[in-house]
Amino acid sequence: MFELVRKNLLKHFSVKKYFINDSITIYMKIILKLILIFSFIPIFGFSQSKIVTGTINDDMGLPLPGVNVIVKNSIKIGVTTNFDGNFSITIPESNEKILVFSYVGFATQEVDVSNKNSINLIMLTDETQLEEVVIVGYGSVLKKDVTGSLSTVTVSDNIATQSNSIDQLLQGRAAGVQVIQNAAAPGSGISVKIRGTNSLRGNNEPLYVIDGIIISSAGEDVLPTAVGNSGQESQNGLNGINPRDIESIQVLKDASATAIYGSRGANGVILITTKKGKSGVNKITAFVNTSVRAVTNKYNVLRGNGYANYVNEINELNGDNPRYLIEGSNIFGIGDAGIVSDIPAQIYNWQDELYQLGFSSKYGVSSSGGSDNGNYYISAGFDDQEGIVSNSSFKSGDLRINLNQNLNENLKLEARVSGFFSSSDFAEGGDLIGASNQSFIRNVIAFRPVIAEEVEDLVEDLDLSNPFAWINDFSDVSKEERYIGSIGLKYQLPLKGLSYEFRAGGNLRVKDRRRWFGLTTFNGFNANGQLNISTLKSASYQVNNFLRFNRTFNRKHRINSVLGVTYDVRNISSSIYAVEDFVTTQFTTEQPSLGNVIKRPLTFFKRDQQILSILGRFNYTFNNKYVLTASFRRDGVSKFAENNRYGFFPSFALAWNLNNEMFIQNLNLFEALKLRVGWGQIGNHGIGPYGTLSNYGVSNNLYGNSDGGTNVPIALLNVANPDLTWETTEQLNFGLDFETNNTTLSGSFDIYEKTTKDLLQNANIPTSSGFSNILVNQGQISNKGIELNLNITPISNNDFELNFGGNIAINKTEIQNLASQPIQDFYIDGIAEQRRFYFGSRISRGNIFKYPANVFIEGEETSLFYGFETDGIIQANNTDLPEIFEEAAVPGDVNIVDQNNDGIIDLTDRTIIGNPNPDFVYGMNLNLKFKGFSANLLFNGVYGNDIVNGNLLQLDNAEGISFNNILKRAYTNAWRPDNASNTHPRIGYTTNGQPALTDRVIEDGSYLRLSNITLSYDFRMKENSVFESLNFYLAGQNLFTWTQYSGYNPEVSSFLYTGLINGVDWNGGPNARTLIMGITIGL
Amino acid sequence: MKKTSIINLSIIALMTILSCDLDEDPIFLDESTVYGNIEVAKGALDGIYQGITSYGSQEQRIFVQNGFSGLFATGKNGNVLDNVNNLNLFSLKPTYDLDSESMWGAMYAIIARCNGAINNIMTKEEPLTSDDSGFNDIAGQAYFVRAWSYFTLTRLFKDIPLWLTLPDNENLAQSTTSSKNVYAQIIEDAKIATMLINGSMGAGYPKKFAANMLLAKVYMTLATNSSIREDGVSESQYWQMAYDEAIKAYGQYSLVTDYETLFTDSNENSSESIFELQISQDAANSQMGRNYTPFKYKVGNHFGWLRVHADVYNSHVNTYPNDPRINGTYLSEYEHATNGNTLKVYPANATRSQFRNAHPYLFKFTEKDKQHNNQYNDQNVIIYRYAELLIMLSEISNELQNGQQLGYITEVLNRVGMTPHPGYLSGQDDFRNAIMNEYRFELIGEGEDAHNNRRRGFDYFLNNTISKHNNNSIFSSNVDINLSTDPSRVMTLPIPLTEINTNELID
């Protein structure tokens, strides 16, 4: 100890000598240091240190360099072994004479050296550490060798059995993954977005890969028949991927992780690994759960008396007689001739009437097990869900068999097969023109609540398309089968570490969707019954050949590499057919031959694509500290012309495992600490095939002839673009992963920037060309963001464990380049700026929301809302009334801000009025376990986005058109000469025909949602019990949502895959919460 | 499995992959197939006509042309006087009008189909085979339809983009071409059509005389509008050119005996028909009988989109009190299709107490079968008919003062048991006014009202249509539309927003 002090003193005196001619300040500092040093002398002065030397070898007798040798419970006292495995360490007398030896991949050992001055130690391989592998694209790597940004999602069985679709597992659980789903409609369309908007095309869905086999995207569905104005509800293209069978999910986010998927990796990749059996553990698990679903909120529309007053007031303003006589709570209709009905009107609150409790139940069983030579996992389940309206339901059954078998010492076989069968009925999806009689949701909200007519049977006798008609006389029936299978052979070649793998697999999805409009629906009455039939047969398969080399040399050099050739074929065959004018409507969806008029001839659409690829990844780790990953992929895709067909997508990444550096180990803080940086290019060709070719086919309808028959008309249906090419995304990512000792705190932080150029999109073009859109490469977009993921486990022991965490992702999207657009006047705050821009698609075909909501401007975020700013209501004392849309304004009109102060409100007064892009998305979780009891809470949220609530265009104005019901506030707060409201316009004010959006319907879309809470209890089973385990749980999904949004649901699922419409709620369905009770037993 | 088997398997797999064909093999026709085979090309011709029967170019075109004529009111978008259409298009103050926007796109879709045929079909001056004749006929009809489409558009929108080729990825927008140049193209197309159309396509397709009639209409339009005339050609020369074209069609057709049957299934492709769209319920391409059938007139759904201004009806009745055309044109009293009650609007219900009963319905496009219950019907739509040609000849002759004017109009009136009223007998100006009104009495609602009313310029439109309506004796601001008198607004429709939003070459 004295020696140590002496060395320190000499060191500082030498400093003094060196700086002897420097300033007094330096002397003062040295004096202070001396005081500090001497203050420790009494401590060290009475202790004895000990020097220990030794050699460390591995289990093969080879010297092991780089082994960390630390004095137990010290902070900074430690050394590493040299190249020959030797070390020498001095242990202060005050410390325990115990050394801790650690090395990545080997079990940590503690050795008591109180009676030793030298030791020779053999480090043993740590089997548990070696198993920490992570699935990455076309392979797996040790967790410590991962260089890319990825999130791992694992969920408990209880959560999995509650979940119907994979998106429910992803929501809130992975940083940077935004999920949109409609909880009220089982099986409805979903959207998963990773790290913002990569493409303006609309389909930003990631690539899903199950056990190495690529399957379809979430947006894959049958084609709409495009008959009439009824919108076809989006349905989930990922049905058939059973959450219960999933072992783990890896979300690959940055280019270094996804570039190996080449032209399909730009939106991120979700790798799903299904379960397998464990050697020696034969297990049977069964579960059953039952749930009830109910809507969470409703629009507050006028009730009986309020509605009657509203209508009477309209009539009075129009100079007509009152329509209702109100006597207390009774309302009596008044006929045209002024005769008052003697029967009180029936009063309905349609939302209460139509939205029901939806009961569901699920059953499932799985069995798994294995031996040294193989394992198996088999599961089967049945699911019967009801929606929140009586004609919506989703029934499914599924079966999975996973087998792994060692055929001989060097050859392994893996087989996966799953089957899924579903049958669903959907509520009507909303109309495309905004008329109240053509949409179920709009109908439920806005249908008149006072039925003064003598109506016995509401469905038969009430007006067309009354809310009951959509329940009793409308069907949207889908039947779907899906089979996913793969077979893999892995052969260990004679060279150590070299193996060959052949993996082939496919995905077959067959769907038949039929939408029936009975005679009391608007469409059905018009057409005397209408049936639309759409089918889909999506067959894809891949043939993969891989050569893998995975070996460690001299404990210092680890190589994990793969070289492969893959051929990917996707053949999609769709058909549409529509028939009307039914002889009898008895068989609804079942018998199209009973229809007289073929509205849409049976038409087949083929969308085939082939991708031929060569790919490779090289992962090299030096000394367990420095990791290099390089990957490439060369894709050839059939959908581009030959000169644009091939693309090359490289990536490079470096990682530094800081936790293996001495200076970090000395901190004794981190179990893992890794810095990552990655760069890569990824492609996207997410457009349909044949975009480069001119498509001549049958236009929508046939043409008549002079004989009274029909002819087949041929027309050009598209504008071909032979120059189409790849979208290319370039991404740079910096990341930090950390995990403290005892795993109390772990997490990761990522910062990224990515740029996508040559954006593919179906751009709107002037209709004077004869067409309305064309596929083009247009523009460049960038995303910058940060992601943070934290997990804290303050307490963890056998009886009690507390764990909580969260993730947050901030992403900013910017349109960097729209060079294909001309520079034009673009009005912002009344000033014509010279900008490049284009508008999104118009929302409805009707007069109510007939304009685009979104605009895409170079230099701005995507999809901004563009329209008129408003400032309350024009008051009677306003003497300077503007001209609004070429009509003189009157008091009571909405006061649209005259941005350019020219006294005229026209399109030059539009400005940016909202932004649908969130500032950040986040998730939080809390897991608590106390003996057999556990509680899991999951929150997810979005902050800072705006939503256009298009429903308010009619609901929030006392229009007095067609006797539609309106929001209570629109009537009670309506501007009247004697009630100068500044919140709602006069009675009779309509937005019908307005040329652009106003900010009156733009709302804050932020929300925080308790998306899942599960309370469960594991019963302790006696050894001779019938059950091996028994778990009971209660769960709530979507129980609480904190939001200012006034619509049904801030998770807007309208126009999910269009790209040219974002953040617009148009006839969006209600939100629902679900209570679930379930039991899981192990046999 | 033996090692060699594995290697063989992998070699086979690799060979399979490396021999992959990445060329696409779609199941649709290409350009050469469509226009290289007469049967398929005939399908392309039907594609052109089918385009005219699309919702935008048929139902909405009729709605726009009538709505913008100053002769109609509508209950579409609310059965009230101040619905968005009555405030906008129908009061001649078109602002961001949805129907004209839809019509615009649909008309240009027809033009694109015509351009496809015109650009791809090789015509022959002296066709030797029936296929040659067929191709000539198809191309001729494409020229005719393109001319008709541009004529429709330029009369409504004035200066418009002129597309003569199909768009491609490097050519997606056109700036506007002056109406004068559009007319020049229309004339060129129509002339080519008269030379190429040869009847090969058979019944149900226009003959070359349809192109002659179109040319006559164009010349009449140019005659009365100096801003679009070719330099150095006088008004009278245009009237003469109009006569020369119209007279070629004279005698090629004949009037049907019963006026009312023109608008029923029973008289399709009649001797009077010059340009007629072939409608079949099985082809599911016409919702005219849904959109234009009065409220509860038939069992199936119907909207009764068009009502004729009460004063226009009165003008007809006052001119020809016992005209059988009145019953074929208007409807004011009928039986409710389901409950049998009698429903009455003006004039049967003369109270005009509210908008919905203040005007007679237009009856021409009504589905006459009261039990019909589908939105689609079979009734053909006549675009040009012989009676109009006769009225045109009468008008042209009056301008030329060639002495034939009374003969043609007499033919038209004799069909319905009428004779020319005294207005026809009081000099050229009175004759002119009489004949311009005669277009309404004979043809109201059939598509030409907006054009005919404006053809003689703003003042004529103001005096003979707008002011007459606004100042008529039964005008009531509670039930009647007040037509705009603003010359900057009433003469043309604005180019639709969707075009302006996407076309950088148009401000």
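Between domain 1 of chain B and domain 2 of chain B, 14 residue pairs are in polar contact, with both residues at pLDDT 80 or more. A polar contact is a pair of N or O atoms within 3.5 Å; within protein, one must be able to donate a hydrogen and the other to accept it, and residues adjacent in sequence count only if both atoms are side-chain atoms.

On the side of domain 1 of chain B that touches domain 2, helix H4 (59-67) and strand S1 (72-74) of chain B each supply at least two residues. H4(B) gives the largest share, four residues. Helices (H or I, at least four residues) and strands (E, at least two) are DSSP runs, numbered from the N terminus.

A word on what you are looking at: this is a predicted model, in which local features need pLDDT of at least 70, side-chain atom pairs count only at pLDDT 80 or more, and totals for chains, interfaces and linings use all residues. Residues are numbered from 1 along each chain as its sequence is written, chains are lettered from A and ligands numbered from 1 in the order in which they are written, and side-chain values use heavy atoms, with hydrogens and water left out.

Where do the two domains of chain B lie? Domain 1 covers 9-205 + 495-502 and domain 2 covers 279-379, with bounds that come from an automatic or database domain assignment. Their C-alpha centres are 31 Å apart. Each domain brings 19 residues to the contact, where contact means heavy atoms within 4.5 Å.

Now step out to the meeting of the two chains. Chain A contributes 94 residues to the contact and chain B contributes 88 residues. About 7,500 Å² is buried between them, with 57% given by carbon and sulfur atoms. Buried area is the accessible area (1.4 Å probe) that two parts lose on being put together, summed over both. Tyr696(A), Tyr703(A) and Ser768(A) supply 11% of the area that chain A buries against chain B, more than any other three residues.

How many salt bridges does the rule find across the interface of chain A and chain B? There are four. Lys606(A) forms a salt bridge with Asp25(B), and their closest N and O atoms are 4.0 Å apart.

Conventions:
Salt bridge = Lys/Arg side-chain N within 4 Å of Asp/Glu carboxyl O.
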